[in-house]
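Please read the following points alongside the sequence and coordinates.

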Amino acid sequence: MAYRVLITDDSPAMRTFVRRVIELSGFDLAACFEAGDGAEALDVLREEWVDAILTDINMPNVDGEELLRRLAEDEMLRSIPAIVISTDATESRIARLLALGARGYVTKPFRPETLRAELERTLGVPVE
Amino acid sequence: MFFLEALADAEPPAPGSADGLTVQLRFDGDPPGLFRLGLARAAANAIAADFLGEDAETLTAKQSQDVARELANMICGAVLSRIESRGSFRLSPPEIVTGLELPWGAAAQANAYSVETGNGTLTAAISMETQACQATEKSAF
């Protein structure tokens with residue numbers, strides 16, 4: 001099964017990199033959408049169904065924490081698993097984001113296989 | 001993630017060195033402070049090319065700057081997490097800075113670390129506004 005993923009990050013370089021890593025990791029990617037902040041991500045989600053959301057935390061306008069809150073409040077969107085990708089590895093931040101509804105957390109810098117494993121774990125992809 | 005090899009320790013570049021890229025960001029938390037990353041231009045281009053999967057010859061200046069900002073964000077976040085994994089920090093957006101007279105100035109000098117990448121020097125410096133974590137800053141690099 002191939003999956004549709006939304007990457008949300010205010011850094012165009014980071015979005016390109018994450019997309020490239022997903023492709024290189026061998027993850028079965030059907031489509032990849034990009035958003036520059038949480039507001040853009042919500043716009044994409046009104047138009048496109050995705051299987052997973054990868055999001056940064058520190059972004060302008062609607063940041064990652066607010067995006068998680070809005071996803072949790074939306075009956076249509078709350079079932080989409082969101083994985084946070086962040087440089088912040090502090091225990092308090094990770095705990096807060098998981099409490100807000102993040103299903104996974106990947107700390108930058110990360111290895112391609114780490115991101116793939118977290119995507120597959122979150123999506124419940126059977127281990128081969 | 002960044003396919004970068006630190007070949008050897010190096011001397012920080014001279015203050016005001018023009019052939020490079022300097023990124024600066026502030027962090028709020030306990031303690032607050034300032035982080036700077038300096039890259040030789042060739043090192044910045046090589047790192048950006050690896051990061052984006054592009055040819056270094058065709059990279060734009062904006063692409064190199066975007067990747068340098070992301071690298072600064074990543075190194076600063078990793079260093080702060082090592083210094084205080086139970087604390088909470090908020091990083092400002094990384095900015096490209098120019099015209100610094102003292103890029104690795106007095107406050108940060110003792111906590112600057114430079115490495116040779118094979119394409120030029122990479123220097124990271126952190127300066128905290130309290131003395132509480134000074135002893136651990138260097139080892140966190």
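1. How many salt bridges are there between chain A and chain B? In this predicted model, the count is two. One of the salt bridges between the chains joins the side chains of Asp63(A) and Arg90(B), with an N to O distance of 3.8 Å.

2. On the side of chain A that touches chain B, helix H1 (12-25) and helix H4 (91-100) are the elements that give two or more residues. H1(A) supplies the largest share of that side, six residues. Sorted by class, this side of chain A consists of seven nonpolar, six polar and six charged residues.

3. As for the extent of the interface, 19 residues of chain A contact 22 residues of chain B. The two chains bury an area of about 1,800 Å² between them, and carbon and sulfur atoms give 52% of that area.

4. The largest nonpolar core comprises 53 residues, and Leu54(A) and Leu115(A) have the most contacts inside it. Chain B takes part as well: its helix H2 (residues 61-83) gives the most to this core, nine residues.

5. Leaving aside residues up to four places away in sequence, Leu115(A) touches Val18(A), Val21(A), Ile22(A), Leu54(A), Ile85(A), Val106(A) and Phe110(A). Another core, of 23 residues, lies apart from the largest one; among its members are Ala41(A), Ile57(A), Val62(A) and Leu100(A).

How values were computed. Residues are numbered from 1 along each chain as its sequence is written. Chains are lettered from A and ligands numbered from 1 in the order in which they are written. This is a predicted model: local features need pLDDT of at least 70, side-chain atom pairs count only at pLDDT 80 or more; totals for chains, interfaces and linings use all residues. Side-chain values use heavy atoms; hydrogens and water are left out. A nonpolar core is a set of buried Ala, Val, Leu, Ile, Met, Phe, Trp, Tyr and Cys residues joined through side-chain atoms within 4.5 Å. Buried means under 20% relative accessible area, exposed over 50%, partly exposed in between (1.4 Å probe, protein chains only). Helices (H or I, at least four residues) and strands (E, at least two) are DSSP runs, numbered from the N terminus. Contact means heavy atoms within 4.5 Å. Buried area is the accessible area (1.4 Å probe) that two parts lose on being put together, summed over both. A salt bridge is a side-chain nitrogen of Lys or Arg within 4 Å of a carboxyl oxygen of Asp or Glu. Ala, Val, Leu, Ile, Met, Phe, Trp, Tyr, Cys and Pro count as nonpolar, Asp, Glu, Lys and Arg as charged, and the others, Gly among them, as polar.
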